Amino acid sequence: SQRGSPSAPEQQQSPRSSATVLQDGEEVIPLPVLTRYISYARQTVKPTISDAARQLLTDRYVELRQTRGGSQHTVSATTRQLESLIRLSEALAKMKLQEVVGTEEVEEAYRLMTDSLKQSATNPKTGLLEIDQLFGGVDSSLVNTEGILAKLQRYLSDRRPSGQMSISILRAELAETFQLKKEIPRWQFSEVLRMALDRGLVRRVNASDDTVVFSTE
């Protein structure tokens, strides 16, 4: 039988076409069949979580909660990550057309989540996993996004920069100017620049080439 073909819904044999999912040049499953499979799983399979899987979800969430960057002020995993872990576990069960979410699905969901966090939330300077970089933990001196925006406005008023500047350099200079204990997270500075653009503090933000263009006034 064809490797990787689903057992449901019933499929028909068809010649290979461009609408085929490939892996290393080898046909895995025709795209129309995959589309019907996904539709079938979404509409038909409503998996429940077994007691063992429920307990494992709790255990793995506690592990995420204990993952910190070494500071008591950092924000660890929240209920949002628990909800994501549950949804991912359920999706894995649906993918296999299972009626019950087991511990195997929870473990795989946890592996996928932690691997993703390692790639996106590891501090390159310390090598530590800092979940707060993704989920809102910031230096207490920053207070909030509005506070950073106020610092940016003061910086622009004092320095009156012209032309354009690297967003990364501006972020670093802002932290240095106001002697912040911790660098401003990229996600938060992007929001600050969006607000600055809306309020006319900067003329243009080009995230693709990491530049910000200042107002000429």
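What share of the contacts in the protein chain with a separation of 6 or more is accounted for by residues 24 or more positions apart? The share is 58%, where contact means heavy atoms within 4.5 Å. The structure is a predicted model, in which local features need pLDDT of at least 70 and side-chain atom pairs count only at pLDDT 80 or more, while totals for chains, interfaces and linings use all residues. Residues are numbered from 1 along each chain as its sequence is written, and side-chain values use heavy atoms, with hydrogens and water left out.

The protein chain holds eight helices and seven strands; helices (H or I, at least four residues) and strands (E, at least two) are DSSP runs, numbered from the N terminus. Of its 217 residues, 35% count as buried. Here buried means under 20% relative accessible area, exposed over 50%, and partly exposed in between (1.4 Å probe, protein chains only).

The mean pLDDT of the protein chain (the predictor's confidence in each residue, from 0 to 100) is 78, and 71% of the residues score at least 70. Confidence is highest in strand S4 (residues 100–101), at 97, and lowest in helix H5 (residues 132–135), at a mean of 54. Residues 10–18 have pLDDT below 50, and the model gives this stretch 10 contacts beyond near neighbours in sequence. Over residues 136–142 pLDDT also stays under 50, with 20 contacts beyond four places in sequence. Where pLDDT is low, the predicted coordinates should not be read in detail.

The largest nonpolar core comprises 21 residues. A nonpolar core is a set of buried Ala, Val, Leu, Ile, Met, Phe, Trp, Tyr and Cys residues joined through side-chain atoms within 4.5 Å. The residues with the most contacts inside this core are Leu152, Tyr155, Leu170, Leu174, Phe189, Val212 and Phe214. Two or more residues are contributed by each of H6, H7, H8 and S7. Apart from this core lies another, of 14 residues, among them Ala53, Leu85, Ala93 and Ala109. In soluble globular proteins, nonpolar side chains tend to be buried together.

In helix H7 (residues 167–177), the buried residues are Ile167, Leu170, Arg171, Leu174 and Ala175. Seen down the axis of H7, these residues fall within an arc of 135°, so they line one face of the helix; the arc is that of the directions from the helix axis to the C-beta atoms. They pack against helix H6 (145–159), strand S5 (164–166), helix H8 (186–198), strand S6 (202–206) and strand S7 (211–214). At the start of H7, a side-chain oxygen of Ser166 comes to within 3.3 Å of the backbone nitrogen of Ser168. Gln179 counts as exposed, at 70% relative accessibility.

Beyond four places in sequence, Val212 is in contact with Gly163, Gln164, Met165, Ile167, Leu170, Val202, Arg204 and Val205. Gly163 lies in the loop between H6 and S5 and is partly exposed, with a relative accessible area of 45%. With residues up to four places away in sequence left out, Gly163 touches Val212, Val213 and Phe214. The C-alpha atoms of Gly163 and Ser215 are 8.1 Å apart, at a distance of 52 residues in sequence. Ser190, in helix H8, is partly exposed at 47% relative accessibility. Its C-alpha atom is separated by 9.2 Å from that of Val205, 15 residues apart along the chain.

Ser89 belongs to helix H3 (residues 79–95) and counts as buried, at 1% relative accessibility. A polar atom of the Ser89 side chain lies 2.8 Å from the backbone oxygen of Leu85. Not counting residues up to four places away in sequence, Ser89 touches Leu57, Val101, Glu105, Val106 and Ala109. In the loop between H3 and S4, Leu97 has a positive phi near 55°. Leu97 is partly exposed, with a relative accessible area of 21%.

Methods. A polar contact is a pair of N or O atoms within 3.5 Å; within protein, one must be able to donate a hydrogen and the other to accept it, and residues adjacent in sequence count only if both atoms are side-chain atoms.
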